[in-house]
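Here's a quick briefing to read alongside the model. Have the viewer open and follow along.

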Amino acid sequence: MADSKKFYLTTPIYYVNGVPHVGSATTTLVADALARYHRQRGEEVFFLTGTDENAQKVSDAAAKLGEETQAFVDRISNRFVETWKFLDISYDDFIRTTEPRHKEVVAEVFRRLRDRGDIYAGKYEGWYSVSDETFFRDSEVKDGVAIESGAKVERVTEDVYYFKLSAYGERLREYIHANPSFLQPDTRRNEVLAFIDEGLRDVAVSRRNTGWGIETPDDPSQVVYVWFDALINYLAATGWPGDTNWDTLWPADVHLVGKEIYVRFHATLWPAMLMGLDLPLPAHVLGHGWWLVGGEKGAKSKGNIPTPQEAVDYLVAASGATQGAAIDALRYYLIRDISFTGDAEFSLSTLVEHFNFQLANDLGNLLNRTLNMLKQYEDSVITEAAAATAESSVATLAQEVYREATDALESLNPGAALVATWKLIAAANKAIDTSAPWKRHKEGDKQGVIEALYEVLEANRIASVLIAPFMPYASARIREQLGLDPSVTPAWETASQWGLLATGTQTLEAQPIFPRINLKELNAKEASSKPSKEKKIVSETTPTPEATAAAATTPVTETAPATEAAAPAEVIDDTITIDDVIKLKLKVAEIKTAERIKGADKLLHLTIDVGEEAPRNLIAGIAESYAPEDLPGKKIVVIANLAPRKMRGVYSQGMLLAATDENGRAILLTPESEVGAGAEVR
Ligand code: MSP
């Protein structure tokens, strides 16, 4: 009996002219999260990745190093294998385009398309960019570079074989209209339709043989054009055409790719090739944007983006976390923040910020608080599983979050699943504050303590299920501490069930998974370390002048060089008189809205109600301490008569007051009991 169809998803195969960096890792990580999710749903999954080795730029890179090309590609391909292992990528197959199983299928595809007249011999005269491995028309080139990418082009005249792409424009357009979910996200569909509307032209699918690549069948004077060769990997890995089980994999469910290889290759050339072979098209082609660094695409050749290992080492050194936890933190950041519709700015300081606030504070602290109280009040034993009823508000929210996270993953938006899960984590942390088990304990309300704790224990368990596709290590550590078997990844559906933590379960003592990073120390360390390649990367954690001004009350942004910091303190009289004090107009304000500021990692743009006709704008350096969504509704204290100052294009009207904890985190000062916005503070 033939096996049933598996969920088949792919990453691009990576050029081996350079080592993987966090940008290339992102495509693989997003695919990994989707693969793990589908496995948790009980589906059979086939997750393919690999390396693209026949490119001219690959042989050029080997030549530059004076290495024999095959030895070079073996070495770099292995770097990808090692990096994916390091990042705990759960791929099922790794294909290399220098393997015979791939080369044979390329030859077979070439022959079939040639036999039906879709491939024909001709001459190419035009532009070629080795860096993009792309042929460009005159209209696509300006001043010696490709307009699309800015890459250098060269003029080539050679005998080639063409693929009749022009014959497929109409069929492709019809297919895209008939299958609205084929091109994802929706915004990419219009780009592709516009590209087709410009008129698809036949494309060269071979190049002159200079000694590297797959020879065209029956004509060793040429090698197959690397993109035509590379796309076929998705089919070659299924065993097509000889393996009887190839259709348990094909068609692929998801091809995941970056935006620069979306329109021209994965959304037009590849589907047309498949049409020519009379094969079904993949269900979805999903494109994501780039990680930018300082507004430019992050690339290893520019030296502006770290390798995953570098980023993880940095986190381990800064936090003292285990390598597994640091890897999960990187996975969390890259999957959560990559944009599918636009680009996103990468920085190590945002990684640190997520580590401290979303992982250490929100997720980690929820577990630590829960287990500490269970130990103190109940000897680390779950006394009564049914104690918290399914009517609890946390249980109701857990249901909603489960649905939201599931919808996000089904609609190929994994970052949104994490955002949904954090709603549950925030609510559970709030529930502890509200139910205050310590008060109930003091009052001798044992049943109350048990109920309050069970509610958040379950929230921890459910969170561990929902984060498993993204952070497998942390998910297992949470389950372990909850007294569950860490080696068994729970079925996805168990996140929709309430009350699965059983009576009598013995939990472990809390062991922080994400130890908070002391930002003060980190900043001081970075300020004093000598300039180096790494320094260039971490230097992004130093603030802009605006951030320093706005965050005057928080040392998160301290940047004093070590020499200055070490200088003996000057003895000055820092007392002030009552005249100075009465100059200050302090007021209670209510935060109405809070938003991040693009390109400023430390700053939030708040609007605040100070009891005046209209709300005020305030730029505050608290983005590393507070998530914007947690702020609206909070009452704070502000200096209301500070002269307005223009920052980031906004007049900031005032300054908020915040204390600083030992880790450099800003703690907002809030009124102890209810008082209206605008109330004076004396
Ligand atoms: N070899 C081709 C793909 C052939 S697939 C049949 C290729 N390789 S690549 O190594 O250049 O890129 C692989 C993937 O890494 C792409 O999805 C690309 O978008 C991704 N990234 C490389 N740099 C990136 C960023 N700075 N940001 C996000 N993703 C990036 O293209």
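Helices here are DSSP runs of H or I with at least four residues, strands are E runs of at least two, and both are numbered from the N terminus. The expected span of a helix is 1.5 Å times one less than its number of residues. Keep in mind that this is a predicted model, with local features needing pLDDT of at least 70, side-chain atom pairs counting only at pLDDT 80 or more, and totals for chains, interfaces and linings using all residues. Residues are numbered from 1 along each chain as its sequence is written, and side-chain values use heavy atoms, with hydrogens and water left out.

**Helix 10**

- Helix 10 runs over residues 308-319, and its 12 residues should span 16 Å at 1.5 Å a residue, which agrees with the 16 Å between its end C-alpha atoms.
- The buried residues of helix 10 (under 20% relative accessible area, with exposed being over 50% and partly exposed in between, using a 1.4 Å probe and protein chains only) are Pro308, Ala311, Val312, Tyr314, Leu315, Ala318 and Ser319.
- Looking down the axis of helix 10, those buried residues fall within an arc of 155°, so they line one face of the helix; the arc is that of the directions from the helix axis to the C-beta atoms.
- Just after helix 10 comes glycine 320, with a positive phi of about 80°.

**Around the ligand**

- The ligand is surrounded by 25 residues, and the closest are Ile13, Asp52, Gly258, Trp291 and Gly298; a residue is near a molecule if one of its heavy atoms lies within 4 Å of it.
- Polar contacts are pairs of N or O atoms within 3.5 Å; within protein, one must be able to donate a hydrogen and the other to accept it, and residues adjacent in sequence count only if both atoms are side-chain atoms.
- A polar backbone atom of isoleucine 13 sits 2.8 Å from a ligand nitrogen.
- For glycine 298, a backbone N or O atom is 2.9 Å from a nitrogen atom of the ligand, and for glycine 23 the corresponding distance from a backbone N or O atom to a ligand nitrogen is 3.3 Å.
- On its own the ligand exposes 670 Å², and the protein buries 94% of that; areas come from the Shrake-Rupley method with a 1.4 Å probe, and for residues only the protein chains shown count as cover.
- Strand 1 (7-15) gives the most to the shell around the ligand, with four residues.
- Among the other elements supplying at least two shell residues each are helix 1 (22-40), helix 7 (226-231) and strand 14 (254-258).
- By class, the shell has 12 nonpolar, 10 polar and three charged residues, where Ala, Val, Leu, Ile, Met, Phe, Trp, Tyr, Cys and Pro are nonpolar, Asp, Glu, Lys and Arg are charged, and the others, Gly among them, are polar.

- Most residues other than glycine have a negative phi, and most peptide bonds are trans.
- The bond from glutamine 184 to proline 185 is cis, with omega near -10°, and proline 185 is in the loop between strand 9 (183-184) and helix 6 (186-197).
- Tryptophan 250 and proline 251 are also joined by a cis peptide bond, omega about 0°, and proline 251 is in the loop between helix 8 and strand 14.
- Aspartate 88 is not a glycine, yet has a positive phi of about 60°; at 38% relative accessibility, aspartate 88 counts as partly exposed.
- Aspartate 218 has a positive phi of about 65° and counts as exposed at 65% relative accessibility.
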